Amino acid sequence: MEEPEADNLRLARNNQDTDISDETQDFRFLNIFSKSSDNASIPKRGEKDFEPNGTDLQDAVLAESRQAMHDALSVERIHTSKVHVEGIWRSERNMAEITIARGPHFKTVGKADSKGVLWLLPEETIYMIERGNLECWWEEGVPMSLQGAYATCIEACGGLERYQVYAYLKRAGYILQRAPTFFDHDENDTAQKAPLVTTRAATTRSPGLFAYLYNTIFGPRPPSQTGPMVSPGVYRSYEFIYQRLALIQSHHPPHEPISLTSDNARLPYRIAYNLWKPQPHFKKSNPPPPDFRIAVVDARDMGVPTLAQLSALFDSVPVDTTTAGKNMFQKLKDGYRNVIIAVVDTGVTSFLKFGDVGFGDELLYTRKPYAGRGGKHGGRGGRGGGRGGGRGGRGGQGGRG
């Protein structure tokens, strides 16, 4: 007969294998939104059933849950007078003209022209309508619905995927602005005006005159095509041996600022948005250098970027001059140029970071080994080197008497 503990372990294992996301959500708690109440708050989630059991009770609960969801979505949204924002969609400019601006939203969104008129980009228009902060109107005086905003603005946003990434990052609190390479005006221009890949030998350096004569007379013979890569001889350091082993050319990113070019970058591998972390004193008219640069890719249409596509994408990104002062591991992590690619797969967004890293620039064999403090017989007060008298003094045996 099995022990009771074995049954408990089996039940615990079965509970761990259950995926809660596969269960049916009970949305009857949303009935609170269909009732007029000034003190309405976000309710907690309801109960879930593991699987259909075919009973009338479960079917009735499911029907009530769906009706509660429909009623909650059909509730009219009310704009308070303190944060009420109105705008008119101008189809000739593909932008929304703000006629009444209130609230803190315009610290990071919108742009005023020379006449002081505030304009919203298509993605900003959809985002504010979706959040219930903007009441937008057509030029004919008809209110614009959320469906109408999507149908009108989504193409000017660069596609649904770009707006999904924009809305996701805005809800997370980040500050976004369109990058200069948001559009691809040179799509038909196939001429390559800049080199796509920059490579050179990883560790080859021209020796001095004395070193050249010494290596010619006393140094090891050059390797033959059929012999070993490191020929027998006298080697004064490991550097020469590692240089012989460097057969494949390595990539060396630029360490100093260079002229930027986006002629070779093609959609979707172009910078779409500049991204900043939340900051209270952000000036959208004079923003600081962005913390991240985002390119948006549809996973259904595009695959992993090629080396030529990444190289063209990096050519449109400025060099981070502060990377030279970082430690080796931070250099290899961030690189001198980096881009975040947002991969959208039917609404699910994943962020991948690509860096222009120069592994060939970080020569580990030229670094001196770290000498730690102390050791088995070293350091302060080691064997035979301490202060004190005789065997009992400080520092052990052999101290000064």
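## A loop residue and its patch

L247 lies in the loop that links helix 7 (238–245) to strand 10 (250–251). Helices (H or I, at least four residues) and strands (E, at least two) are DSSP runs, numbered from the N terminus. L247 is exposed, because its relative accessible area is 62%. Exposed means over 50% relative accessible area, buried means under 20%, and partly exposed lies in between (1.4 Å probe, protein chains only).

This is a predicted model: local features need pLDDT of at least 70, side-chain atom pairs count only at pLDDT 80 or more, and totals for chains, interfaces and linings use all residues. Residues are numbered from 1 along each chain as its sequence is written, and side-chain values use heavy atoms, with hydrogens and water left out.

L247 also belongs to a nonpolar surface patch of about 700 Å², together with M229, Y238, Y242, L245 and I248. Patch residues have over 30% relative accessible area and no salt bridge; nonpolar side chains (Val, Leu, Ile, Met, Phe, Trp, Tyr) are joined within 5 Å, like charges within 9 Å. A salt bridge is a side-chain nitrogen of Lys or Arg within 4 Å of a carboxyl oxygen of Asp or Glu.

## The chain as a whole

The chain has nine helices and 14 strands. It holds 401 residues, and 30% of them count as buried. Its accessible surface is about 27,100 Å², with 54% belonging to carbon and sulfur atoms. Such areas come from the Shrake-Rupley method with a 1.4 Å probe; for residues, only the protein chains shown count as cover.

Take the contacts between residues at least 6 apart in sequence: 59% of them join residues at least 24 apart. Contact means heavy atoms within 4.5 Å.

Five strands make an open sheet in the order 8-11-12-13-14, with mixed pairing. Its edge strands are strand 8 (175–178) and strand 14 (348–356), each pairing on one side only. From one strand to the next, the twist averages 30 degrees. Two strands pair if DSSP finds at least two bridges between them.

Strand 8 and strand 11 (residues 273–276) run antiparallel and are joined by four bridges. There, I175 has W276 as its bridge partner. Helix 5 (residues 160–171) packs on the sheet and touches strand 8, strand 11, strand 12 (292–298), strand 13 (337–345) and strand 14. The direction of helix 5 makes about 140 degrees with that of strand 12. Axes are lines fitted to C-alpha atoms, for helices over the stretch in contact, and angles run from 0 to 180 degrees between N-to-C directions.

## Strand 13 and its neighbours

Strand 13 is largely enclosed by the rest of the structure, because seven of its nine residues are buried. Strand 13 pairs with strand 12 in the parallel sense over five bridges. A342 in strand 13 is the bridge partner of V296.

With strand 14, strand 13 pairs in the antiparallel sense over nine bridges. V339 stands opposite F354 in strand 14. The hairpin of these two strands has two residues between them, and T346 takes a positive phi near 50 degrees.

Helix 8 (residues 307–314) has L310, S311, A312, L313 and F314 buried. Their cover includes strand 13 and strand 14.

S259 sits in the loop between strand 10 and strand 11. S259 counts as exposed, because its relative accessibility is 65%. S259 and V319 are 60 residues apart in sequence, yet 9.6 Å apart in space, C-alpha to C-alpha.
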